[in-house]
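Subject: A structure to look through

Hello,

I am passing on a structure that I would like you to read slowly, with the sequence beside it. My notes follow below it.

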Amino acid sequence: MSTTYRGRQIKALAVRGRPDQRRLTINGHTTNHGWQGDDAQALDYFRQIIDRIEELGGAGVVVAATPTYGQYTSPHWYEPGAIDINPNGHATRPGGICLCNRCSTVDTSRFGPLPVDACRHCHQQPNDHRNDYNLMNTHFYKEPTETQRAGRQAAIDEAARLTALHDDVRELENQLYAEDPSDRADAYLALQAMGAMEEDQP
Ligand SMILES: [Zn+2]
Ligand SMILES: [Zn+2]
């Protein structure tokens, strides 16, 4: 049995001498060598997992909701080209982050949104793409999909917007501590207008 479900290619392959068993693969990755069941049951098994993954937030997010914290980090669980792959090799939404233990505890600056033209299959850029960066997944650079580009660009824009907003707030806070009382009053009103301060603060 070979079919596509929600963008994932899934297969249930015969196991020699074991008609009651199947070898299960998703996007070319073997998840079970001797799974007990027939083709229809195998399809159902994958459907349930994939539906659950999407229901719980999809790539990068489902990991925080699964009983084994950090489950489904691997890219093979997702539709190729519809996710990004961070430097830890974990799947994220395009431009997104992975909430697993490992990715949330390392230096997160390395895990900002991928550059818009980063490879479809990894986090590397075209000009210095190392084909053997990941020995489990050697490949040539491939153009990202439109889904990947759009997600990365949106995340980059959002990060820039938040940085600018943060700088504005800091500037106004500096004015609050200024010597000139008129500067202080202006800054207070400006901050209040931005919603950066609680209404009931003195
Ligand atoms: Zn991760
Ligand atoms: Zn690549």
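Helices (H or I, at least four residues) and strands (E, at least two) are DSSP runs, numbered from the N terminus, and two strands pair if DSSP finds at least two bridges between them. This is a predicted model, in which local features need pLDDT of at least 70 and side-chain atom pairs count only at pLDDT 80 or more, while totals for chains, interfaces and linings use all residues. Residues are numbered from 1 along each chain as its sequence is written, and chains are lettered from A and ligands numbered from 1 in the order in which they are written.

In the hairpin of β3 and β4, with 2 residues between the strands, N27 takes a positive phi near 50°. These two strands run antiparallel and are joined by 5 bridges, and Q21 stands opposite Q36 in β4.

Helix α3 (residues 146-176) has 31 residues and spans 45 Å from first C-alpha to last, close to the 45 Å expected, where the expected span is 1.5 Å times one less than the number of residues. Its buried residues (20 or more other C-beta atoms within 10 Å of their own, the C-beta atoms being placed from the backbone) are Q148, G151, R152, A155 and L172.

Best wishes

Conventions. A residue is buried if 20 or more other C-beta atoms lie within 10 Å of its own, exposed if 12 or fewer, and partly exposed in between; C-beta atoms are placed from the backbone.
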